Amino acid sequence: MTAYWTTHAGPLGHLLLTCDAAGALTSLTVPGAPGAKGLPGPGAVRDDAPFAEARRELDAYFAGDRDRFTLRLGTPPATDFRRRVWAALDEIPYGTTVSYGQLAARIGVGGPAVRAVGGAVGANPLLIVRPCHRVVGADGSLTGYAGGLERKTWLLGLERAPAATPAG
């Protein structure tokens, strides 16, 4: 099955987008960022056409004119646990933050599983669209983000989310 990719310039730099043959978005990453995922695989074809709606929605979001995405998302290979965490990420409202512990509680796990929730959040292949940037440390500090803490801070500022401080 053919996969497609493109790049999209925006306030966070050149984003890399991939989609499957049906046009469902499979990844949105910042190339070169630590932990970048979703790089086009062998045989992927560069084609801007399947990404027209993603570009429109991203531009509206970055302009402050959109608070949620309606894009069709692909389902990458993942464990049921990761899928549950990612579904919980999709439910975090615009302009809010939750801690990893709160996210764990939302899917019915706690204790040592909080670390696994953090791993699943970090494995999210759909930055921005699946809002892992809205997950913060228990004390409100900014912790980990595949796009970098500078970008996480920018996204939370755009959304006017509660103030948080970078972990140091």
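Contact here means heavy atoms within 4.5 Å. The model is predicted: local features need pLDDT of at least 70, side-chain atom pairs count only at pLDDT 80 or more, and totals for chains, interfaces and linings use all residues. Residues are numbered from 1 along each chain as its sequence is written, and side-chain values use heavy atoms, with hydrogens and water left out.

**Overview**

Begin with the whole chain in cartoon view. The secondary structure comes to five helices and six strands, where helices (H or I, at least four residues) and strands (E, at least two) are DSSP runs numbered from the N terminus. Along the sequence the pattern reads β-β-β-β-α-α-β-α-α-β-α. Of the 168 residues, 40% count as buried; buried means under 20% relative accessible area, exposed over 50%, and partly exposed in between (1.4 Å probe, protein chains only). Among contacts between residues at least 6 apart in sequence, 59% join residues at least 24 apart.

Select F62. With residues up to four places away in sequence not counted, F62 touches P11, L12, L15, I128, W154, L155 and L158. F62, L103 and I128 have the most contacts inside the largest nonpolar core, which has 38 residues. Such a core is a set of buried Ala, Val, Leu, Ile, Met, Phe, Trp, Tyr and Cys residues joined through side-chain atoms within 4.5 Å. To display the elements that each supply at least two residues of this core, select β2 (13-19), β3 (25-29), α1 (52-62), α2 (80-90), α3 (100-106), α4 (113-122) and α5 (149-158).

**Second stop: helix α5**

Next, select α5 and show the side chains of K152, L155, L156 and L158, which are buried. Viewed down the axis of α5, its buried residues fall within an arc of 155°, so they line one face of the helix; the arc is that of the directions from the helix axis to the C-beta atoms. An α-helix has 3.6 residues a turn, so residues three or four places apart point the same way. The cover over the buried residues of α5 includes α1, α3 and β6.

T153 also lies in α5, but counts as partly exposed, at 39% relative accessibility. Beyond the helix, α5 is followed by R160, whose phi is positive, near 55°.

Move to the loop between α4 and β6 (135-136), where H133 is found. H133 counts as buried because its relative accessibility is 0%. Which residues is H133 in contact with, leaving aside neighbours within four places in sequence? They are Y61, I128, Y145, K152, L155, L156 and E159. The side chains of H133 and E159 are joined by a polar contact of 2.9 Å. A polar contact is a pair of N or O atoms within 3.5 Å; within protein, one must be able to donate a hydrogen and the other to accept it, and residues adjacent in sequence count only if both atoms are side-chain atoms. H133 and T143 are 10 residues apart in sequence and 9.3 Å apart in space, C-alpha to C-alpha.

**Last stop: S27 and the cysteines**

Select S27 in strand β3. S27 is buried, with a relative accessible area of 2%, and its side chain makes a polar contact with the side chain of T18 (2.5 Å). Then select C19, which counts as buried at 1% relative accessibility, and C132, which counts as buried at 5%. The count of disulfides (pairs of cysteine sulfur atoms within 2.5 Å) comes to zero.
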